[in-house]
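Colleague: I'd like to learn how to read a model like this one. Could you walk me through it, feature by feature?

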Amino acid sequence: QWFNNSASAEQSFVRGVWYFGFYIMSPAGCEYLKKPEEKFCLDIGYGGGRLLNAARMSFKHAYGVDVHPFQETVTAKLLERSPIRNFTLFHLDSSRIPLDDGSLDYVYSFIVIQHFYSLRILQDYLKEASRLLKPGGLVNLYFADTAKYKPMLSRDYLRGVVKGIIQLSQPPDAVTAYN
């Protein structure tokens, strides 16, 4: 709730759809994900589920990982919005995400990774994203201010950490892609 100035849960979920459409499923993302209804995605840091709710409307299955232990509460809120259960939430106390290698088409995070307190955590999540991505998969990391994190987002730092495409985005739609 600290980053969300919405007046209600309903408004928060509506804004989640906006953010997902504008920042996560950006034109660059759509270029790689031509048929999202056939694909699998992962939300790193799903929080209250507002973006994951939008993802499950677009993808065959949406997974979410977060460090908080409230996946049952978020699951209930998501099922109140739609009884379709094409999502799975995980509570992580490590960086190992309990999914098979090469099982995801898209991994995204919205204003979460910038709060990691160490570069090691970022590196572990990027390695996990790489392990989980299918060939040709996409990682989209949305930062409020990429300039602040430039050292850890440099090509040299990311080279060899992730296989596939990484899209770094910030307002207003500035995007950097790394192979």
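This is a predicted model: local features need pLDDT of at least 70, side-chain atom pairs count only at pLDDT 80 or more; totals for chains, interfaces and linings use all residues.

Colleague: Where do Arg131 and Glu128 lie?

Modeller: Both sit in helix H5 (residues 119-132), three residues apart, which is about one turn of the helix.

Colleague: Is Arg131 buried or exposed?

Modeller: Buried, because its relative accessibility is 16%, under the 20% cut-off. Glu128 counts as buried too, at 7%. The pair also belongs to one network, in which salt bridges with shared partners join Arg96, Asp101, Glu128 and Arg131.

Colleague: How should I read salt bridges in general, and how many does the structure hold?

Modeller: The general idea is that side chains of opposite charge can pair when their charged atoms come close. This structure holds five salt bridges. One of them joins Glu10 and Arg81, with the closest N and O atoms 3.0 Å apart. Glu10 lies in helix H1 and Arg81 in helix H4, so this pair ties together parts that are 71 residues apart in sequence. Glu10 is partly exposed, with a relative accessible area of 44%, and Arg81 is partly exposed at 34%.

Colleague: And which residue meets Asp105 in a salt bridge?

Modeller: Lys134, at 3.5 Å from N to O. Asp105 is in strand E4 and Lys134 in strand E5, so here the parts tied together are 29 residues apart in sequence. Asp105 is buried, with a relative accessible area of 10%, while Lys134 is partly exposed at 26%.

Colleague: What about nonpolar side chains? Which residues have the most contacts inside the largest nonpolar core?

Modeller: In soluble globular proteins, nonpolar side chains tend to be buried together. Here the largest nonpolar core has 22 residues, and Phe20, Leu52, Phe59, Tyr106 and Tyr108 have the most contacts inside it. Several elements each supply at least two residues, among them helix H1 (9-24), helix H3 (50-58) and strand E4 (104-110). H3 gives the most, with four residues. There's a second, separate core of 19 residues, which includes Leu42, Ile44, Tyr63 and Phe90.

Colleague: How many residues of H3 are buried?

Modeller: Seven of its nine, so to speak a mostly covered helix. Leu51, Leu52 and Ala54 are among the buried ones, and so are Arg50 and Arg56. The cover includes H1, strand E1 (40-44), E2, H4, E3 and E4.

Colleague: Which residues form a nonpolar patch on the surface?

Modeller: Val14, Trp18 and Phe22, with about 330 Å² of accessible area together. Phe22 lies in helix H1 and counts as exposed because its relative accessibility is 55%, over the 50% cut-off.

Colleague: Now the overall fold. How many helices and strands does the chain have?

Modeller: Six helices and seven strands. Along the sequence they follow the pattern α-α-β-α-β-α-β-β-α-β-α-β-β. Of the 179 residues, 48% count as buried.

Colleague: Last one: which element has the lowest mean pLDDT?

Modeller: Strand E7 (residues 174-178), with a mean of 39, whereas strand E2 (residues 61-66) has the highest, 96. Over residues 169-179 pLDDT stays under 50. For the chain, the mean pLDDT is 78, and 75% of residues reach 70 or more.

Note on methods
Residues are numbered from 1 along each chain as its sequence is written. Side-chain values use heavy atoms; hydrogens and water are left out. pLDDT is the predictor's confidence in each residue, from 0 to 100. Contact means heavy atoms within 4.5 Å. A nonpolar core is a set of buried Ala, Val, Leu, Ile, Met, Phe, Trp, Tyr and Cys residues joined through side-chain atoms within 4.5 Å. Buried means under 20% relative accessible area, exposed over 50%, partly exposed in between (1.4 Å probe, protein chains only). Patches are made of residues with over 30% relative accessible area and no salt bridge: like charges are joined within 9 Å, nonpolar side chains (Val, Leu, Ile, Met, Phe, Trp, Tyr) within 5 Å. Accessible areas come from the Shrake-Rupley method with a 1.4 Å probe; for residues, only the protein chains shown count as cover. A salt bridge is a side-chain nitrogen of Lys or Arg within 4 Å of a carboxyl oxygen of Asp or Glu.
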